[in-house]
Amino acid sequence: DGLPIVYAQLVIRSGLARDPEQLPDLARFVAALLKEGTTTRSSERLAEDVDFMGATLDVGADSDSIHIDMRAPSDQFDAMLTILADVAMHPAFSDAEIARTKTREGNRLSLESNDPSTLGRRLFFRLAYGSHPYAHLDFDEAALGRMRRADLVSWHRTHFVPSNAFLVVAGNVTAAQVQASTTRAF
């Protein structure tokens with residue numbers, strides 16, 4: 001309680017290891033699009049709301065989970081949890097953002113295709129894990145091209161459920177505040 005800051009992390013206990021075989025990295029794509037707008041906020045509005053609060057919002061995916069992380073001044077805790085819940089529960093997965101993200105990631109993959117350290121890391125994980133989802137360190141270009149909005153919506157609907165998630169909160173906030181704000185937000 002020494003600093004007026006609060007941290008929250010929503011963890012979804014599904015990650016790349018839960019991707020369908022024909023669409024590796026679907027969880028990574030879902031995570032990439034969570035910050036790109038909700039059904040109530042455009043990507044720009046979401047970024048503005050987070051910035052206005054003096055907060056940060058990060059989303060990541062690994063083999064076993066997707067996590068949505070927020071940090072904000074403690075007097076913005078209610079607003080922070082409202083945004084976190086909106087990002088988790090109401091992603092827009094807009095066609096425009098899907099296309100933009102596919103282009104961005106495709107360009108990045110093209111640039112990295114000649115990077116020796118990237119190639120070495122990918123080869124190591126492919127040899128270590130074989131066909132297991134842990135072998136996928138980054139997007140597969142062919143699978144990225146096949147991903148459709150319906151795939152994202154279906155994966156999200158299946159895995160973003162209360163019984164598959166937990167919320168961790170730390171900082172200048174009481175347990176009673178966390179309980180009340182979480183109940184309101186979610």
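Predicted model: local features only at pLDDT ≥ 70, side-chain atom pairs only at ≥ 80, totals over all residues.
To begin with the surface, the protein exposes about 9,800 Å², of which carbon and sulfur atoms supply 54%; these accessible areas come from the Shrake-Rupley method with a 1.4 Å probe, and for residues only the protein chains shown count as cover. Residues are numbered from 1 along each chain as its sequence is written, and side-chain values use heavy atoms, with hydrogens and water left out.

Now the overall fold. There are 8 helices and 4 strands, where helices (H or I, at least four residues) and strands (E, at least two) are DSSP runs numbered from the N terminus, and along the sequence they follow the pattern β-α-α-β-β-α-α-α-α-α-β-α. The radius of gyration is 18 Å, close to the 16 Å that the globule rule gives for 186 residues, so the protein is as compact as a globular protein of that length; the radius is taken over C-alpha atoms, and the rule is 2.2 Å times the number of residues to the power 0.38. The C-alpha trace spans about 50 × 35 × 30 Å along its principal axes.

Buried residues make up 42% of the 186 residues, with buried meaning under 20% relative accessible area, exposed over 50%, and partly exposed in between (1.4 Å probe, protein chains only). Of the contacts with a separation of 6 or more, 77% are between residues 24 or more positions apart, a contact being heavy atoms within 4.5 Å.

Let me turn to helix 2, residues 43–53, whose buried residues are Ser43, Leu46, Asp49, Val50 and Met53. Seen down the helix axis, these buried residues fall within an arc of 130 degrees, so they line one face of helix 2; the arc is that of the directions from the helix axis to the C-beta atoms. The face turned away from that buried side carries the exposed residues Glu48, Asp51 and Phe52. And what covers the buried residues of helix 2? The cover includes helix 1 (26–34), strand 2 (56–61), strand 3 (66–73), helix 3 (77–89) and helix 4 (95–112). Just after helix 2, Gly54 takes a positive phi of about 75 degrees.

That brings me to backbone angles, since most residues other than glycine have a negative phi. Asp25, although not a glycine, has a positive phi of about 75 degrees; Asp25 sits in the loop between strand 1 (5–12) and helix 1, and is buried at 1% relative accessibility. Phe93, also not a glycine, has a positive phi of about 45 degrees; Phe93 lies in the loop between helix 3 and helix 4, and is buried with a relative accessible area of 3%.

Leaving aside neighbours within four places in sequence, Leu152 is in contact with Leu26, Phe29, Val30, Leu33, Phe93 and Ile98, and Leu152 is buried, with a relative accessible area of 0%. The C-alpha atoms of Leu152 and Val30 are separated by 5.9 Å, although the two residues are 122 residues apart along the chain.

Finally, Asp151, also in helix 7, is partly exposed at 23% relative accessibility. Not counting residues up to four places away in sequence, Asp151 touches Leu23, Leu26 and Arg146, and its C-alpha lies 8.8 Å from that of Leu23, 128 residues apart in sequence.
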